[in-house]
Amino acid sequence: MLTLFNRYHNGDIFYSRPIVDKLISRGIKVKYLHGCRREILEDLPVEQGGLPHSSLIENLSENVVDTWIGKRPGVFTSQGCFFGGHTALSKSILNHYNIEYNELDFLPTVRFNNLKENFIERIQVLAASLKSSYRKIVLICNNHCLSGQSQNFSFDPIISKLITKQEDVAFIVTNPTSCSNKNLIKFYEIIDDISCDLLYLSYFSTHADVIVGRASGPHCFTHLKENLLDGKKTYISITNNYNEGVWYPDSIANQVWSNDYNLSSVFKLIDIEVGKCYD
């Protein structure tokens with residue numbers, strides 16, 4: 001059995017999924033040690049465990065592999081946690097085990113068929129209802145960032161203006177907000193009887209037309225292969241670093257980035273993009 005470990009956050013575990021997928025497809029049994037909720041890997045046939053408080057885990061060995069981008073010399077640069085760095089990390093691991101790959105293999109995927117069917121069906125019903133009632137579905141990942149990717153301003157003033165100006169658009173938020181309107185849906189209330197909704201948020205993101213975020217964990221979980229290769233989808237990212245906002249630079253999905261944190265500017269940016277019509 002090969003042991004992977006990562007001491008960091010939900011997004012860091014998510015971006016390591018391509019490594020896990022390729023190892024599993026080669027028939028390698030995987031144990032993953034991390035400090036996040038077990039449900040973030042519930043679709044994969046891996047054994048999970050908490051991180052041991054031992055210095056031994058810091059020393060890479062033949063059967064213990066660190067999947068954090070910052071632990072490999074040469075893969076973490078001033079460009080931050082971006083696709084190129086994760087690709088370099090993945091290649092170094094897969095090359096060691098003589099596993100073949102191509103670039104698209106490094107775009108994260110989720111095995112939605114392995115998730116809880118009742119929650120998937122609940123999301124399908126919601127998405128179908130929204131598509132029949134609204135011009136667009138906009139997912140706003142209004143969570144704070146934990147690693148300094150962006151300023152942690154409140155999205156509430158922006159959401160309040162958007163939901164009243166564009167009432168023919170459905171806005172879905174991932175984190176609690178004081179805002180309220182008939183076209184505002186709080187995702188955490190849709191599946192409030194589950195302890196961790198990140199993979200289900202990934203699934204819902206495949207139904208969204210526009211995805212807004214700041215490279216927080218939930219925003220990272222929308223960086224799915226099917227989303228990034230969807231030319232009808234738009235990402236709006238507000239981050240300090242361009243490469244952490246436009247995580248996959250060869251994206252077919254439209255990518256809009258800004259590091260202007262003025263709330264009026266953020267509102268205008270989202271308002272303009274959401275107001276655009278598709279061909």
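This note walks through a few features of a predicted model, point by point.

1. Ground rules. The model is predicted, so local features need pLDDT of at least 70 and side-chain atom pairs count only at pLDDT 80 or more, while totals for chains, interfaces and linings use all residues. Residues are numbered from 1 along each chain as its sequence is written, and side-chain values use heavy atoms, with hydrogens and water left out.

2. Salt bridges. The structure holds 8 salt bridges. Here a salt bridge is a side-chain nitrogen of Lys or Arg within 4 Å of a carboxyl oxygen of Asp or Glu.

3. R17 and D43. Their side chains form a salt bridge at 2.4 Å, N to O. The pair links distant parts of the chain, 26 residues apart: R17 is in helix 2 (residues 17-25), and D43 is in the loop between strand 2 (30-34) and strand 3 (47-49). Helices (H or I, at least four residues) and strands (E, at least two) are DSSP runs, numbered from the N terminus. R17 is buried, at 1% relative accessible area. D43 is buried too, at 2%. Buried means under 20% relative accessible area, exposed over 50%, and partly exposed in between (1.4 Å probe, protein chains only).

4. K22 and D105. This salt bridge spans 3.4 Å, N to O. K22 lies in helix 2 and D105 in the loop between helix 3 (83-96) and helix 4 (117-133), so the pair ties together parts 83 residues apart in sequence. K22 is buried, with a relative accessible area of 17%.

5. K116 and E42. Their side chains meet in a salt bridge of 3.1 Å, N to O. K116 is in the loop between helix 3 and helix 4, and E42 in the loop between strand 2 and strand 3, so parts 74 residues apart in sequence are tied together. K116 counts as partly exposed, at 38% relative accessibility. E42 is also partly exposed, at 22%.

6. Strand 2. This strand is mostly covered, with 4 of its 5 residues buried. Strand 1 (residues 2-6) pairs with strand 2 in the parallel sense over 5 bridges. Two strands pair if DSSP finds at least two bridges between them. T3 stands opposite K31 in strand 2. Strand 2 and strand 3 also run parallel, joined by 3 bridges. There, L33 has G49 of strand 3 as its bridge partner.

7. Helix 7. Is this helix enclosed or open? Helix 7 (residues 198-205) is largely enclosed by the rest of the structure, because 8 of its 8 residues are buried. Among them are Y200, Y203 and F204.

8. The largest pocket. Its lining has 34 residues, of which N10, G11, S216, G217 and P218 lie nearest the centre. Helix 1 (10-15), helix 6 (187-190), helix 7 and helix 8 (217-220) each supply at least two lining residues. Helix 1 gives the most, with 4 residues.

9. S258. This residue sits in strand 10 (residues 254-258). S258 is buried, with a relative accessible area of 15%. A polar atom of its side chain lies 3.0 Å from the backbone nitrogen of D260. Leaving aside neighbours within four places in sequence, S258 is in contact (heavy atoms within 4.5 Å) with S237, I238, T239 and L269.

Key:
A polar contact is a pair of N or O atoms within 3.5 Å; within protein, one must be able to donate a hydrogen and the other to accept it, and residues adjacent in sequence count only if both atoms are side-chain atoms. On a 1 Å grid over the protein atoms alone, a cavity is a set of points where a 1.4 Å probe fits but cannot get out, and a pocket is an open set with protein on both sides within 12 Å along at least five of seven lines; lining residues have an atom within 4 Å of a point.
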